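Reader: I've got a structure open and some questions about it. Can we go through them one at a time?
Author: Go ahead.

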Amino acid sequence: MRPRRFALLASAAALSAALVTGGYMTHEFPSFASPALAAEAAAPTGMPSGFGDLVSKVKPAVISVRVKIDEDSRTTPLIRNDDSDDNANPGMGDDQLRPFLKQFGFRGEGAMPKRHEMITGEGSGFFISPDGYAVTNYHVVDHAKSVQVTTDDGAVHTAKVVGTDKKTDLALIKVDGKSDFTYVKFADQPARVGDWVVAVGNPFGLGGTVTAGIVSARGRDIGSGPYDDYVQIDAPINKGNSGGPAFDTSGNVIGVNTAIYSPSGGSVGIGFDIPAATAKLVIAQLKDKGVVTRGWLGVQVQPVTAEIADSMGLKQARGALVDSPQDGSPAAKAGIAAGDVITAVNGAEIKDSRALARTISMMAPGSAVKLDVLHKGDSKTVTLSLAEMPNESAKVADSGDAGRESGRPYLGLRVAPASEVGDSGQKGVVVTGVDPEGPAADRGLRSGDVILDVGGKPVANSGDVRDALKQASEHGKKTVLMRVKTADSAARFVAVPIAKG
C-alpha cells in the first residue's frame with residue numbers, strides 16, 4: 001500500500017516529505033498590510049453570490065509572516081520521509097537534495113545550506129486583537145532568529161514570539177507600537193460539514209490570496225500529533241498558507257490552516273485546519289503564561305477494537321482501554337486498573353483513546369473530573385483531580401499468544417514460566433517460540449514477549465494459558481484478550497483470534 005503524503009504548509013520545518021504545512025522558502029517576498037475590527041460581515045443565506053463584502057472586511061487582518069532561521073540550529077536532515085522508518089532513509093545526498101532546495105527557494109546554487117547560513121521562510125497569520133497579537137503555526141516560527149510581518153497595505157513590522165505549542169502546532173506572536181490593527185475573532189460554534197469556508201493567506205509568497213470552498217469533514221486524524229482533530233476543507237491552500245485563517249460567512253475564524261494532503265506537494269483540494277475551539281484555548285494560555293499546561297490523567301491507553309470488544313463482552317467498540325496506570329498518577333490513586341475501559345469524561349462519551357487524550361489535555365491541571373469506567377464488566381464512576389502533564393503519556397498497542405493440540409483452542413505459541421527464563425521477571429509466561437502461520441504471529445507476537453494474563457486471568461505456565469483459552473472458547477469468544485509486555489514497551493493489551501488446532 002502506498003503511504004499517504006501530508007504536507008505542512010510553511011517554514012524550514014515544513015521540508016518533511018510527509019507533511020506540507022503552510023510555509024514556503026523564498027528569496028523575494030511581496031508586501032502585504034493591515035487596518036481595525038473585521039468580522040462584522042452579515043452572514044449570507046443559502047449560496048452566496050460572492051464573497052467580496054466578507055473578504056474586504058477580513059483580509060486586512062491577515063498577515064504574511066517572514067522568518068529567518070540559522071540553519072546551524074537544526075541538526076536533523078532537511079528532507080526526510082516521515083512515512084518510512086527512522087533508519088530506513090537517514091538522509092539524502094546533494095544531488096537528491098538539489099531539486100528540493102530549489103523548489104523551496106534556498107539561497108545558493110541548490111547545494112546544502114552551509115553551517116551558520118541564514119535561511120528564509122514564509123507563512124501566514126492573523127491578528128486577534130487591535131494591539132498586535134497574532135496567531136500563526138508553531139512550525140512557521142520554530143527556531144526563528146527574527147520574525148517580520150507584512151500587512152495587507154504593504155507595511156512591514158517586526159514581531160516577537162510570545163509563546164508556542166508544538167503539540168497543536170500553534171504560536172502566538174506580537175507586533176508592538178500600534179493599537180489599531182484590524183483583527184478577527186474565533187468562531188464560537190464549530191463549523192458544520194458543508195458550510196462555506198474562505199481561506200486567506202500567503203501561498204508561495206503571493207500574499208493576500210483568497211480561496212473558497214466548503215468544510216469537507218471534521219475530526220480528522222492525520223498522524224501529526226497526539227491531539228489531531230482537524231477540520232478538513234476543500235478551499236485550495238498551498239505552501240505559505242500555514243498559520244492563515246479559514247473564515248465562515250460571518251467573518252469568524254473556524255480554523256487555522258496547517259497541512260494539506262499532497263501527493264505532489266501542491267493543493268489537491270484536501271486541506272486541514274486546527275479547529276477554532278482548540279486554537280482559542282491554546283492561544284489564551286500562550287497569551288497569559290507564554291506556555292501551555294495540560295491536565296494529566298496518567299494512563300497508557302489504546303482503542304477498543306471490535307475484537308477487543310468481543311473478547312470483553314462489550315456491545316460496542318468504544319472507549320479507551322487502560323493498558324496500565326502510571327505509578328503515582330491521578331488514575332492510579334483513584335483506583336483505575338489495567339483492563340478498565342473509560343467510556344465518558346464528565347458525562348461526555350469517549351469514542352476512543354485519542355478522544356480521551358484530547359479531552360483531558362484541554363482541561364487545566366487541578367480540574368475535578370468524573371470518569372465513567374467499565375471495571376470487570378461493571379459500570380462505576382470515579383472522581384479525581386488532574387495533575388499537570390509531565391510528558392506525553394498515551395500509547396497505543398497491537399498483538400497476542402498460545403499452544404497447539406488437535407481440536408483445542410490454539411494461538412500458535414510455545415511458552416515457559418517467566419521465572420525460569422533469564423531476566424523475564426517473576427510474573428507471567430515468556431513466549432519461547434511462534435508459529436509463523438498462527439494467529440499470534442499475525443498479530444506481531446515475538447519470542448521474548450511476556451504474557452501477564454489471558455482473558456483477564458493471571459498466567460504462570462502453559463497450563464494456565466490453555467485453561468484461559470478453553471474457557472474463552474466455551475463462552476463463544478472468537479478472540480481472547482491478553483496483557484503482554486515486550487522488552488521495549490510497557491504492558492499492553494492484545495486481542496488475538498482463537499483458532500482450532
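Reader: Which ring does the charged end of Lys287 sit over?
Author: The ring of Tyr133, with the charged end 4.6 Å from the ring's centre. Keep in mind that this is a predicted model.

Reader: And what about Lys178?
Author: The charged end of Lys178 sits over the ring of Phe181, 4.8 Å from its centre.

Reader: How many aromatic pairs are there?
Author: The count comes to four. One of them is Phe127 with Phe181: the ring centres are 4.3 Å apart and the planes are at 20°, which is under 30 degrees, so the pair is stacked.

Reader: Where do Phe127 and Phe181 lie?
Author: Phe127 lies in strand β5, and Phe181 in the loop between β9 and β10, so the pair ties together parts that are 54 residues apart in sequence.

Reader: Are those two buried or exposed?
Author: Both Phe127 and Phe181 are buried.

Reader: What kind of pair do Tyr230 and Phe272 form?
Author: An edge-to-face one, at 6.2 Å centre to centre and with 65° between the planes. Tyr230 is in strand β12 and Phe272 in strand β15, so this pair ties together parts that are 42 residues apart in sequence. Both Tyr230 and Phe272 are buried.

Reader: New topic, helix α9. How far apart are its end C-alpha atoms?
Author: They are 18 Å apart, and that agrees with the 18 Å that 13 residues should span at 1.5 Å a residue.

Reader: Which residues in α9 are buried?
Author: Val465, Ala468, Leu469 and Ala472. Looking down the axis of α9, the buried residues fall within an arc of 100°, so they line one face of the helix.

Reader: What is on the face turned away from the buried side of α9?
Author: That face carries the exposed residues Asp467 and Glu474.

Reader: And what happens at the start of α9?
Author: A side-chain oxygen of Asn461 comes to within 3.0 Å of the backbone nitrogen of Gly463. Just after α9, Gly476 has a positive phi of about 80°.

Reader: Last one, the strands. How many bridges join β21 to β22?
Author: Eight, and the two strands run antiparallel. Within this pairing, Val369 stands opposite Leu384 in β22. The hairpin of β21 and β22 has two residues between the strands, and Lys376 there takes a positive phi near 55°.

Reader: How does β19 pair with β21?
Author: In the antiparallel sense, over four bridges. Val341 has Leu374 in β21 as its bridge partner.

Definitions and conventions:
Residues are numbered from 1 along each chain as its sequence is written. This is a predicted model: local features need pLDDT of at least 70, side-chain atom pairs count only at pLDDT 80 or more; totals for chains, interfaces and linings use all residues. Side-chain values use heavy atoms; hydrogens and water are left out. Two strands pair if DSSP finds at least two bridges between them. The expected span of a helix is 1.5 Å times one less than its number of residues. Buried means under 20% relative accessible area, exposed over 50%, partly exposed in between (1.4 Å probe, protein chains only). The arc is that of the directions from the helix axis to the C-beta atoms. A polar contact is a pair of N or O atoms within 3.5 Å; within protein, one must be able to donate a hydrogen and the other to accept it, and residues adjacent in sequence count only if both atoms are side-chain atoms. Rings of Phe, Tyr and Trp (its six-membered ring) pair if their centres lie within 6.5 Å; planes under 30 degrees apart count as stacked, over 60 as edge-to-face and the rest as tilted. A charge sits over a ring if NZ of Lys or CZ of Arg is within 6 Å of the ring centre and within 35 degrees of the ring normal.
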